[in-house]
Amino acid sequence: MNPSDLILTVNYFVLGYFLAINAIYFVLYLISFAEIADYVRREIFSGFSELFTSNYAPPVSVVVPAYNEEATITESVRSFLTLHYPLHEVIVVNDGSSDGTLEVLMQEFGLYESDQPMRMQLETAPLRGIYTSPTERLIVVDKENGGKSDALNAGICAASYPLVCCMDADIILEEDALLRVARPMIESGSVAAVGGIIRVANGCEFEKGRLVKVKTPRKPLPNFQIVEYLRAFIAVRTAWSRLNCLLIISGAFGMFRRRDLILAGGYSSDTVGEDMELTTRMHRVLRENDRKYKISFVPDPIAWTEVPDTLRVLGRQRDRWHRGLIDTLVRHRRMLFNPRYGPVGLIAMPYFFIFEFLGPVIELLGYAAFVAGVALGVINGPFALAFFLAAVGLGVLLSTAAVFLEELSLERYPRWWDLVKLTLYGVLENFGYRQLNTLWRALAIVSFLRNNTNWGAMERKGFRTREENE
Amino acid sequence: MQVLAIILWAVTVMFALNVMMIAVTLGIKAARVLRRRRTQTKIERLEAALDQTLISGEVPPALRHLGNRDLDLLATMMVEYLSLLRGTERDRLVRLAKETGLVRAYFDRLRSRGRWRKARAAENLGYFGGPEAAAPLANLLAHRDETLRAVAARALAHIGTPEAAGALAQMLNDPSELTRLRMAENLERIGTLAVGSLSETLERGNPPARVLAARVLGNLRVHDARPALRETMREGAFPDLRAQAALALGKIGDPDDIPALLEAAEDGAWPVRAQVASALGAIGDVSTIPTLQKLTVDTEWWVRLNASRALANMGPAGEKALARLLEGEDRYTRDRAAATLEERGITRRAVRELDAPGEKGEGARAMIRAMVRAGAVRYLERLARTLPDEGARETLRRTMREARES
């Protein structure tokens with residue numbers, strides 16, 4: 001085969017790959033559309049407020065790992081304590097902070113040392129003490145530093161209630177977040193875990209740990225991520241959940257049935273993608289135990305988080321995410337194409353392997369072959385241009401469809417300008433942002449092969465109030 | 001060239017689809033804005049007609065022969081009015097719902113195939129359908145859709161007749177936990193008229209149904225259910241049920257149940273003993289202090305926790321008993337007693353009373369000394385640093401020093 005033929009073959013392969021992934025997206029979008037439409041209708045009659053006042057909802061333990069959060073921890077804990085839920089406790093795990101996180105909490109909530117026993121069903125770094133508040137349902141577990149996963153495991157051990165909600169300390173939750181996310185769990189005893197939509201908080205206004213106004217940010221980078229999050233959460237995860245193939249419940253906010261979480265072995269401390277690894281392991285363990293189970297997703301914007309607004313931090317985050325994905329696929333490779341694991345082994349794992357893990361490599365290969373093809377004259381100019389435009393058009397369509405789903409079902413952006421802006425960013429992301437992401441993810445494969453286990457710290461600017469925005 | 005044509009065709013399609021998607025998105029937003037405005041106008045018109053009807057008693061033409069959408073709007077407004085009106089005005093509004101054809105229309109819609117139409121009809125029949133709506137709504141409780149079952153349950157709770165309660169209590173046996181919880185909350189909303197059905201479920205329901213029935217009876221503080229609850233606490237086949245019955249007796253709070261509770265304090269299952277401790281604390285009779293003291297050395301932490309908290313609810317006698325526990329042999333009991341005294345603010349109060357004359361001051365000093373001897377000093381030391389009054393800080397430090405030296 002001469003080089004020209006090779007380049008042409010590669011181009012056809014990439015074209016086929018491109019068509020396959022878009023066909024899959026098309027199916028996922030259709031499923032999501034039906035699922036969200038049903039969810040929204042259901043919401044009208046759900047009677048959440050009545051369940052909330054009835055005291056019949058099963059109690060929830062909210063686990064919040066904290067490492068050097070002295071500046072914000074009080075406000076975060078207060079906002080978690082005031083969530084609308086009949087009975088919930090907040091468990092803050094001080095993961096060996098070197099600042100005054102524990103002292104601030106002790107002072108603010110009048111904590112005293114508790115003799116409450118912990119069911120140490122998961123291994124964690126040594127504990128230093130357990131404190132409780134005399135007035136609030138707050139437990140603070142003080143332990144040696146062991147990382148986020150380790151802190152979450154300690155919190156899960158300390159949890160008294162059957163449902164455990166794991167979240168980041170700096171997440172902003174809607175007031176009825178717990179009710180919404182707990183609903184599938186109450187509805188069916190077979191639901192082992194539930195995830196919710198994480199939304200981009202940059203640009204929004206907050207008061208006392210609560211969201212008061214939804215707006216798009218000024219900087220372009222978070223806007224690109226809003227469109228990305230809309231696609232990933234609204235359009236894709238909803239569909240995966242419908243197929244009971246959801247392989248990731250975001251570490252920023254997820255609810256688990258404690259007994260299933262313990263059965264799966266809790267969070268793994270030696271991975272950078274602990275959220276995806278745990279969700280996949282839950283599928284694996286529950287399947288291996290012949291359990292009838294479901295891992296669900298609530299297509300409702302219930303948690304808001306700050307996303308990176310510089311390329312450096314975003315690059316590190318994407319690198320970590322992709323390393324986490326590869327690590328999960330490697331650890332659970334026996335699930336791949338294995339009918340024993342049902343749709344997870346036959347649909348989700350192959351999809352994540354072929355399209356998520358290999359995606360960036362094939363995309364880069366496609367760009368190279370495309371340029372080479374045009375340069376060598378194997379692909380003619382008009383053909384190249386037409387293909388490029390079609391690819392961009394399809395990329396834009398996925399984004400505009402996600403914005404459409406958002407507007408149709410959730411209506412979180414009240415201003416016209418925000419919708420127009422998001423649509424524009426959906427177009428623009430195809431020229432640079434998308435390629436940059438591909439590059440980061442491809443480099444992450446190299447980084448993974450070099451055995452890099454760096455977490456890649458997130459630099460947070462903090463949530464803005466109305467005054468600060470003005 | 002054929003491939004090129006295909007791709008060109010794809011580009012055109014992509015472009016068209018994108019334009020269409022954007023147009024549809026913006027169109028939806030525009031349509032919503034327009035619809036909201038139109039709805040607002042309609043609401044104003046219907047509101048005026050409704051007010052006029054309530055004053056005159058006559059149904060104006062504007063409220064007759066309404067379309068489906070307008071009927072839903074009118075029903076929503078009438079539900080809002082219902083929450084504001086009382087007595088004859090309320091009756092007049094319910095009558096009006098019949099005269100405007102609203103009730104008939106919703107009875108018809110209850111038979112429709114669309115589940116959301118059914119749901120809307122059920123919701124509104126709960127308010128306006130009256131007792132005759134109970135039977136068709138009870139049928140909906142068996143619908144396969146969870147949300148529809150929830151709507152029907154709410155509607156039955158609004159109707160609130162014994163028949164409605166019977167249908168809800170029957171559903172306490174449902175396999176879905178959410179359905180069961182919803183039935184329980186709605187039975188609680190019905191209140192005393194649901195007691196008969198609940199008592200029957202307590203006797204004959206499946207295990208989860210019996211637990212919930214006991215819980216609702218306790219929440220409703222039903223005195224007449226006490227014999228059945230006592231029996232359940234004694235003979236219940238599984239610990240959760242016995243524990244729930246004990247808790248319910250505590251909520252009802254009748255001292256006549258104390259002998260049965262004291263007997264249940266010997267139960268082999270710790271959840272039962274834990275709830276017995278809570279129940280005794282809720283009743284608050286000082287004669288139960290010895291039993292509670294015994295429960296504070298239980299092998300299970302939750303029993304010890306509830307028992308020491310119960311003692312803290314018993315006034316000065318309970319506080320004294322807690323202080324005595326500080327002198328006990330068992331370290332865990334001492335720690336728990338100290339923690340309870342701290343969390344209930346008893347320690348803080350004692351610190352303020354250290355200088356008080358007579359028995360009060362003596363009691364306070366004895367408690368602080370016992371805490372120091374028990375090793376529970378961390379909280380006291382914090383108080384000794386942070387109390388606003390320098391004199392009080394010094395007194396506390398002195399008392400602690402004396403206790404250590406003695």
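**Exercise 1. Work out how many residues of chain B are in contact with chain A, and which helices of chain B supply that side.**

Solution. Begin with the count: in this predicted model, 41 residues of chain B are in contact with 39 residues of chain A, where two residues are in contact if their C-beta atoms, placed from the backbone, lie within 7 Å. Residues are numbered from 1 along each chain as its sequence is written, while chains are lettered from A and ligands numbered from 1 in the order in which they are written. As the model is predicted, local features need pLDDT of at least 70 and side-chain atom pairs count only at pLDDT 80 or more, whereas totals for chains, interfaces and linings use all residues.

Next, turn to the helices, which, like strands, are DSSP runs numbered from the N terminus (H or I, at least four residues, for a helix; E, at least two, for a strand). Each of H1 (2-56), H5 (115-128), H7 (146-159), H9 (177-190), H19 (331-343) and H22 (378-386) of chain B supplies at least two residues of the side that touches chain A, and H1(B) gives the most, with 17 residues.

Finally, sort the residues of this side by kind: 25 are nonpolar, 4 polar and 12 charged, with Ala, Val, Leu, Ile, Met, Phe, Trp, Tyr, Cys and Pro counted as nonpolar, Asp, Glu, Lys and Arg as charged, and the others, Gly among them, as polar.

**Exercise 2. Describe the overall form of chain B from its secondary structure, its radius of gyration and its domains.**

Solution. The secondary structure of chain B comes to 23 helices and 0 strands. Its radius of gyration is 32 Å, whereas a compact globule of 406 residues would have one near 22 Å; the radius is taken over C-alpha atoms, and the globule rule is 2.2 Å times the number of residues to the power 0.38. Along the principal axes, the C-alpha atoms of chain B fill a box of roughly 95 × 65 × 55 Å.

The chain is divided into domain 1 (71-159) and domain 2 (345-406), with bounds that come from an automatic or database domain assignment, and the C-alpha centres of these two domains lie 63 Å apart. Among contacts in chain B between residues at least 6 apart in sequence, 62% join residues at least 24 apart.

**Exercise 3. Identify the buried residues of helix H21 of chain B and the helices against which they pack.**

Solution. H21(B), residues 358-373, reaches 23 Å from its first C-alpha to its last, close to the 22 Å expected for its 16 residues. Its buried residues are Ala364(B), Met367(B), Ile368(B), Ala370(B), Met371(B) and Val372(B), and they pack against H18 (315-325), H19, H20 (346-352), H22 and H23 (390-405) of chain B. Just after H21(B), Gly375(B) takes a positive phi of about 85°.

**Exercise 4. Find which residues have the most contacts inside the largest nonpolar core.**

Solution. A nonpolar core is a set of buried Ala, Val, Leu, Ile, Met, Phe, Trp, Tyr and Cys residues joined through C-beta atoms within 7 Å. The largest has 243 residues, and those with the most contacts inside it are Val63(A), Ile91(A), Cys165(A), Leu156(B), Leu217(B) and Ala246(B). Its largest share, 13 residues, comes from helix H13 (residues 381-410) of chain A.

Technical notes: A residue is buried if 20 or more other C-beta atoms lie within 10 Å of its own, exposed if 12 or fewer, and partly exposed in between; C-beta atoms are placed from the backbone. The expected span of a helix is 1.5 Å times one less than its number of residues.
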